[in-house]
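Q: I would like to learn how to read the geometry of a protein model. Can we take it feature by feature?

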Amino acid sequence: KSSMEHKVDGVLKIKSYYHFVKAVNHYLLGNGLENKMFIDDNCENFKSYKEALLQEDYNELLKEAGDNCTSEIMKFANEYNSEMNAVIIFTEENMSANTSFELRNLALLTGKLGKTSSGLIPLKEKNNTQGLLDMGACNKVGPGTISIFDEDYRRKLSASWGTDIPAGIKECHTELLDTNAIRNMFVFGEDPIGCATDKSIMEQYFNNADFIMVMDYFMTDTAKMADLFIPASFPIETGGSFTNTQKVIQEFSKEMIQKVEKVNYTVLTELLELFGSQQLFSLEDVREEIISLLPGMKEQDKHQFNYTIVDNWARMFNYGCDGLQKQVEEDFIKSFEN
């Protein structure tokens with residue numbers, strides 16, 4: 001049940017978001033309702049995506065989507081396809097990665113992506129998640145979300161950072177943790193143990209580490225396992241920027257004097273100096289480096305259709321893995337229980 005149900009035009013109870021979206025895409029393709037002009041001009045991999053999806057059993061997709069979805073899928077698909085200004089808003093907390101891919105495929109099939117007042121708005125669980133991705137938190141990309149497998153880009157990074165850049169790490173972070181390949185852990189402003197969906201697995205990862213450093217505002221469950229704990233300054237004590245889910249950078253100013261001796265970026269730049277970096281000493285230096293690594297103006301790459309085989313729900317953390325957010329949300333819920 002949702003307290004917002006009275007505000008919407010209709011409510012559809014879905015058993016599987018993943019199968020629902022794939023069934024919608026299957027229906028559109030099976031009835032020739034895709035926006036062929038948009039796809040031909042702006043997309044790649046359409047033919048292979050169409051062939052793979054249409055080989056799937058449509059009735060099986062309907063069954064997995066939910067017992068009451070058969071007629072609703074056709075209604076939803078036709079209404080969404082014919083709507084001039086169609087925006088799909090969803091929370092990443094409730095969607096798997098492959099469901100997100102299929103939602104993007106839906107926006108491409110109907111020609112909604114990139115148009116004014118149309119497209120996708122994925123709401124992230126933690127602010128600045130997009131900023132982390134844009135700065136290269138994923139093992140397959142660098143700053144500016146440029147593929148780390150691009151040889152010219154690696155040469156650019158090597159020249160900027162003064163070190164050789166490997167041709168990408170094929171294993172994701174979880175795979176590296178599963179094989180005990182990560183021996184030294186530096187955790188900045190997150191509480192992976194306290195926010196884990198399976199605390200025992202996360203504790204094992206940290207028990208396998210040789211050295212753990214945690215930098216945070218409070219003594220979290222993860223901080224209790226640290227060999228070294230560094231107190232962090234709050235964003236309001238430093239100023240800075242967040243990148244929202246539409247990749248818009250939002251700057252804010254410092255409003256308070258910090259309680260700790262060194263603010264976050266000072267700690268980070270001094271750590272980099274200890275590791276041999278002699279080029280970042282202020283926020284201005286950091287900003288200049290970021291700008292120098294961002295992609296220049298070029299012809300827009302075409303959108304890629306991504307066919308997915310199965311749902312891949314693999315949620316490891318609640319509260320965006322943030323101890324402060326966990327505390328705020330839990331206190332908020334408790335306030336209604338008393």
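Q: How are α4 and α5 oriented to each other, and why?
A: Start with the angle classes: under 35 degrees counts as roughly parallel, over 145 as roughly antiparallel, 65 to 115 as roughly perpendicular and the rest as oblique. The angles run from 0 to 180 degrees between N-to-C directions, and axes are lines fitted to C-alpha atoms, for helices over the stretch in contact. In this predicted model, the axes of α4 (residues 58-65) and α5 (residues 70-82) cross at roughly 100 degrees and come within 9 Å. The two helices are therefore roughly perpendicular.

Q: What do I need to know about the model and its numbering?
A: Residues are numbered from 1 along each chain as its sequence is written, and side-chain values use heavy atoms, with hydrogens and water left out. The model is predicted: local features need pLDDT of at least 70, side-chain atom pairs count only at pLDDT 80 or more, and totals for chains, interfaces and linings use all residues. Helices (H or I, at least four residues) and strands (E, at least two) are DSSP runs, numbered from the N terminus.

Q: Which residues of α4 and α5 meet?
A: Contact means heavy atoms within 4.5 Å. Tyr58, Leu62 and Ala65 of α4 meet Thr70, Ile73 and Met74 of α5. By class, that contact has five nonpolar residues, one polar and no charged. Here Ala, Val, Leu, Ile, Met, Phe, Trp, Tyr, Cys and Pro count as nonpolar, Asp, Glu, Lys and Arg as charged, and the others, Gly among them, as polar.

Q: How do α8 and α12 cross?
A: Helix α8 (residues 151-161) and helix α12 (residues 283-293) have axes that come within 11 Å and cross at roughly 160 degrees. They are therefore roughly antiparallel. For handedness, look at the near helix: turned anticlockwise from the far one by less than a right angle, the crossing is left-handed; clockwise, right-handed. α8 passes α12 in a right-handed crossing.

Q: Which residues make the contact of α8 with α12?
A: Tyr153, Lys156, Leu157, Ser160 and Trp161 come from α8, and Glu289, Ser292 and Leu293 from α12. By class, this contact has four nonpolar, two polar and two charged residues.

Q: In what order do the strands of the open sheet lie?
A: Two strands pair if DSSP finds at least two bridges between them. Three strands form the open sheet, in the order β6-β7-β8, with parallel pairing. The edge strands, β6 (184-188) and β8 (228-231), each pair on one side only. Neighbouring strands are turned by 10 degrees against each other on average, direction ignored.

Q: How many bridges join β7 to its partners?
A: β6 and β7 pair over five bridges. Four join β7 (residues 211-216) to β8. Val187 stands opposite Val214 in β7, and Met215 has Ile230 in β8 as its bridge partner.

Q: Is β7 mostly covered or exposed, and what sets the cut-off?
A: Buried means under 20% relative accessible area, exposed over 50%, partly exposed in between (1.4 Å probe, protein chains only). Five of the six residues of β7 are buried, and the strand is mostly covered. Across the protein, buried residues make up 33% of the 338 residues.

Q: Where does Trp313 sit?
A: Trp313 lies in the loop between β11 (303-304) and α13 (323-337). Trp313 is partly exposed, at a relative accessible area of 48%. Not counting residues up to four places away in sequence, Trp313 touches Glu93, Asn94, Met95 and Ser96.
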